[in-house]
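Here is a short note for a colleague who is new to this model. Please keep the structure open while reading.

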Amino acid sequence: MPRASRWPATTLFLVLVLRGSRVTLRPLRPDELDAIVDGRRLLDESAHISVGDERERVQRRIERSGRLVEGRLDLGIEAEGRLVGEIDARGPEGFIPRGVFELGIALFDPGSRGQGYGSEALKLLTDHLFEAERAVRVQAGTAVGNTAMKRVLHKLGFAEEGTMRDFLPAGNGRVDCVLYAVTAADRLAR
């Protein structure tokens, strides 16, 4: 005779909230759609974000935000009570090997950059991926000329692994991207 389940018949989704000393990573909210789309448009042209069908893509990301869905986790970066950017981890099965995640981050307002928000957000999400999602490797890429991001990744223990030529769309062309990664073995060695 089958045993009765202790779980209700409805599916329960827990959403992720990660709190640091200065930032909170939390689900994006539907009322933030315009702010996110506008924030992406404020980004420097060197950022590799296309704004063509942006509104629809952001809407879909908001709907699943805060949960790891099909290998993707999207979160907002909140500081001082306001949304200052977004961060995501991507590890879609069949595209990236299981246990590997790639990070993406965007701080919308240039005034929010250089305040430590991005560093703390990357650390919070990286720690979560290793501790809760069983990551074996977390990687991130940035434009060769993005010295601030390269410095942050190095500070967080990511090792530079190489350059991918003409990888990131930028303006009317492409720029080289430097790939960084940290592994579970790296973290154990510390």
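The points below cover the salt bridges of this predicted model.

1. Start with the total. The count comes to 17 salt bridges. The points that follow take up a few of them.

2. Next comes Arg61 with Glu86. A salt bridge joins these side chains at 3.6 Å, N to O. The pair links distant parts of the chain. Arg61 sits in helix α2, residues 54-64, and Glu86 in strand β4, residues 82-90. The two residues are 25 residues apart.

3. Are Arg61 and Glu86 buried or exposed? Buried means under 20% relative accessible area. Arg61 has 11% relative accessibility, so Arg61 counts as buried. Glu86 has a relative accessible area of 5%, so Glu86 is buried as well.

4. Arg61 has another partner to check: Asp88. Their closest N and O atoms are 3.3 Å apart, and the two form a salt bridge. This pair, too, links distant parts of the chain, with Asp88 in strand β4 and Arg61 in helix α2. Here the separation is 27 residues. Asp88 is buried, like Arg61.

5. Which residues do salt bridges with shared partners join into one network? They are Arg40, Arg61, Arg72, Asp74, Glu86, Asp88 and Arg90.

Notes
Residues numbered from 1 in each chain as written. Predicted model: local features only at pLDDT ≥ 70, side-chain atom pairs only at ≥ 80, totals over all residues. Heavy atoms only, no water. Salt bridge = Lys/Arg side-chain N within 4 Å of Asp/Glu carboxyl O. Helix = DSSP H or I, 4+ residues; strand = E, 2+ residues; numbered from the N terminus. Buried < 20%, exposed > 50% of the residue type's maximum accessible area, 1.4 Å probe, protein only.
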